[in-house]
Amino acid sequence: MVTDKKDIRALSKEQLRDFFVSKGDKAFRGNQVYEWLWQKAAHDFEDMTNISKETRQMLDAHFVINHIEVDSMQRSNDGTIKNAVRLHDGLIVESVLIPTATRTTACVSSQVGCSLDCKFCATARLKRMRNLNPDEIYDQVVTIDKESRHYFNRPLSNIVFMGMGEPLMNYNNVIKAIEKITSPEGLGMSPKRITLSTSGIPKMIKKMADDGVKFNLAVSLHSAIDSVRTSIMPFNETFPLQDLRDALEYWYAKTKRRISYEYVVWKGINDTDEHIEAFVKFCKYVPCKVNIIEYNPIDDGHFQQAASEMLDRYIRVLEDNHIVVNVRRSRGKDIDAACGQLANKS
Ligand code: SF4
């Protein structure tokens with residue numbers, strides 16, 4: 001429901017403390033409410049049982065707690081869960097729980113739609129409608145943590161910002177959400193278990209390095225040849241590979257943390273030795289590891305997974321050059337929950 005009341009979760013702890021003081025109450029009350037809002041993820045003032053009824057009514061008169069609702073949930077044969085979540089203004093984004101034998105990973109969205117136009121991505125077909133607020137990102141994680149405990153008897157272990165949207169185009173809100181996720185006053189997760197995956201916006205990668213972020217960085221590279229990368233990721237024309245390389249070198253110099261490259265091999269696009277050679281060369285600029293990702297076709301069939309022999313060739317040449325390579329089998333294909341498939345079809 002849309003209301004004129006302010007979202008209480010837009011307030012910092014200090015602002016909440018100040019609010020209570022301005023109402024003649026103790027600043028400490030702000031700490032208690034803050035704990036309910038974040039650590040306990042309360043969606044209703046009525047849930048705040050150690051706050052008096054009068055105070056809860058006063059909060060309700062001034063504020064609203066905007067929160068997401070799971071609009072629909074689908075479970076894949078492989079255990080993957082896709083949530084279509086409804087935001088307070090009725091828009092929908094998707095987030096995914098990916099279970100493996102040892103971990104449960106949440107893949108979360110950072111924007112409704114996306115303004116970048118990657119040709120292989122279903123989300124690109126939805127125009128960018130708005131950025132998600134920090135609490136909307138946080139709520140996706142809380143929801144998946146609850147699902148993980150319910151269906152797999154274990155808490156969420158990892159988070160990847162690889163859902164709908166480009167996280168670096170919503171930098172401030174993503175950073176605020178990660179602060180809450182990692183804070184002991186929030187979910188208390190280690191930043192080492194969080195990976196921000198970007199299509200590669202050089203100046204924002206440098207900014208993250210300057211800001212001293214502690215989470216991991218992954219870059220969707222897909223081609224180390226400018227003309228080809230531009231044809232599949234048109235913003236590469238504005239931010240060519242040389243600029244990306246400069247930014248990644250800057251990142252590594254400041255953080256000393258290696259980068260992951262996400263790479264899909266498509267038939268007729270990047271499945272030649274020339275591409276492998278260019279990729280290996282790019283991998284040598286900065287310490288890295290490579291995730292070769294199995295592709296999930298979206299409707300038009302223009303992009304198709306390359307032959308398995310070509311994937312094997314990529315892997316062999318990368319390994320011969322002492323580059324760590326993982327192959328990411330696709331998960332949740334039957335429910336359109338796999339990489340590049342999130343497009344609100346549910
Ligand atoms: S791949 Fe990521 S950055 Fe590119 S259009 Fe899709 S959501 Fe946006």
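This is a predicted model: local features need pLDDT of at least 70, side-chain atom pairs count only at pLDDT 80 or more; totals for chains, interfaces and linings use all residues.
Biologist: What volume does the second largest pocket have?

Modeller: The second largest pocket has a volume of about 220 Å³. A pocket is an open set of points on a 1 Å grid over the protein atoms alone, where a 1.4 Å probe fits, with protein on both sides within 12 Å along at least five of seven lines. The volume is the space filled by probe spheres set on the points, which are joined across faces, edges and corners.

Biologist: Which residues are closest to its centre?

Modeller: Of the 14 lining residues (an atom within 4 Å of a point), these are Arg9, Ala10, Pro134, Lys176 and Lys180.

Biologist: Which element gives the most to that lining?

Modeller: Helix α5 does, with 4 residues; helices are DSSP runs (H or I, at least four residues), numbered from the N terminus.

Biologist: Turning to Phe282, is it buried or exposed?

Modeller: Phe282 counts as buried because its relative accessibility is 4%, where buried means under 20% relative accessible area (1.4 Å probe, protein chains only). Phe282 lies in helix α9, residues 273-283.

Biologist: What does Phe282 touch?

Modeller: Leaving aside residues up to four places away in sequence, Phe282 touches Leu221, Ala224, Leu241, Leu244, Arg245, Leu248 and Tyr261, with contact meaning heavy atoms within 4.5 Å.

Note on methods
Residues are numbered from 1 along each chain as its sequence is written. Side-chain values use heavy atoms; hydrogens and water are left out. Helices (H or I, at least four residues) and strands (E, at least two) are DSSP runs, numbered from the N terminus. Buried means under 20% relative accessible area, exposed over 50%, partly exposed in between (1.4 Å probe, protein chains only).
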